[in-house]
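Okay, thanks for making time, everyone. I'd like to walk you through a structure I've been looking at, so let me put it up on the screen.

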Amino acid sequence: MASGILGQSAPSATTDTNVYQVPAATTSVVNINILNRGAAAATVRIALTDTTTPGNDEYIEYEANIPPKGVLERTGIALNAGKYVMVYASSADTSVNVYGLETAV
């Protein structure tokens, strides 16, 4: 059982990025933290997906605005085996951290 930081990324601008995938035979409860390191606002998307290409029904945030030096955080997200945490940001000045707990099933 893993705990703590499960995935980290400084994604390229305007690119869907896989930050974390739940391992096989595992469930996870995660928190997602996105920091805007830039001097301008950034818009971000978060999707919980079955593949690395998000479908419209898989977004939990879409074009959410993060002010300069601001943070967006989603907590207590339960995920089943194989799920991806995908992010997209308008700026390369973002840092994404996924942290939480994994439990074998």
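Let me start with arginine 45, which is buried, because its relative accessible area is 17% and the cut-off for buried is under 20%. Before I go on, keep in mind that this is a predicted model.

So what does arginine 45 form a salt bridge with? The partner is glutamate 63, and the closest N and O atoms are 2.5 Å apart. Arginine 45 sits in strand β4 and glutamate 63 in strand β5, so this pair ties together parts of the chain that are 18 residues apart in sequence. Glutamate 63 itself comes out as partly exposed, at 34% relative accessibility.

Stay on glutamate 63 for a second, there's something else about that residue. Its phi is positive, about 60 degrees, and it isn't a glycine. As a reminder, most residues other than glycine have a negative phi. And this one is in a strand, β5. Threonine 14 is another non-glycine with a positive phi, about 55 degrees. Threonine 14, though, is found in the loop between β1, residues 3–9, and β2.

Back to the salt bridges. How many does a search of the whole structure find? Three of them.

Aspartate 50 and lysine 83 meet through their side chains, with 3.1 Å from N to O. Here both residues are in loops: aspartate 50 between β4 and β5, lysine 83 between β6 and β7, so the link spans 33 residues in sequence. On accessibility, aspartate 50 is exposed at 52%, while lysine 83 counts as buried at 17%.

Then there's arginine 74 with glutamate 61, at 3.0 Å, N to O. That one connects strand β6, where arginine 74 lies, with strand β5, where glutamate 61 lies, and the two are 13 residues apart. Arginine 74 is partly exposed, with 29% relative accessible area, and glutamate 61 is buried at 18%.

Okay, on to the strands. There's an open sheet of four strands, in the order β2-β7-β4-β5, with antiparallel pairing. At the edges you have β2, residues 17–21, and β5, residues 59–66, each of which pairs on one side only. Neighbouring strands in this sheet are turned by 20 degrees against each other on average, ignoring direction.

If you look at the β4 and β7 pairing, that's residues 42–49 against residues 84–89, antiparallel, over six bridges. To find your place on the screen, look for threonine 49, which stands opposite tyrosine 84 in β7.

Now the inside. In soluble globular proteins, nonpolar side chains tend to be buried together. In this model the largest nonpolar core has 20 residues. Which residues have the most contacts inside that core? Val30, Ile32 and Ile34. As for who contributes, the elements giving two or more residues are β2, β3, β4, β5, β6, β7 and β8. For orientation, β3 runs over 26–36, β6 over 71–79 and β8 over 94–104.

Take isoleucine 34 and look around it. Leaving out residues up to four places away in sequence, isoleucine 34 touches several others, including Val44, Ile46, Ile66, Leu72, Val87 and Val96. The list also has Gly70, Val71, Thr94 and Ser95 on it.

Another residue I'd click on is valine 98, over in strand β8. Is valine 98 buried or exposed? Buried, at 0% relative accessibility. By contrast, asparagine 80 is 18 residues from valine 98 in sequence and 15 Å from it in space, C-alpha to C-alpha.

Last item, the aromatics. A search of the whole structure finds one aromatic pair. The rings are those of tyrosine 59 and tyrosine 62, with centres 4.9 Å apart and planes at 85 degrees, so the pair is edge-to-face. Tyrosine 62 is partly exposed, with a relative accessible area of 49%.

Notes: Residues numbered from 1 in each chain as written. Predicted model: local features only at pLDDT ≥ 70, side-chain atom pairs only at ≥ 80, totals over all residues. Heavy atoms only, no water. Pairing = 2+ DSSP bridges. Axes fitted to C-alpha atoms, helices over the stretch in contact; angles between N-to-C directions. Core = buried A, V, L, I, M, F, W, Y, C linked by side-chain atoms within 4.5 Å. Buried < 20%, exposed > 50% of the residue type's maximum accessible area, 1.4 Å probe, protein only. Contact = heavy atoms within 4.5 Å. Salt bridge = Lys/Arg side-chain N within 4 Å of Asp/Glu carboxyl O. Phe/Tyr/Trp six-rings, centres within 6.5 Å; stacked < 30°, edge-to-face > 60°.
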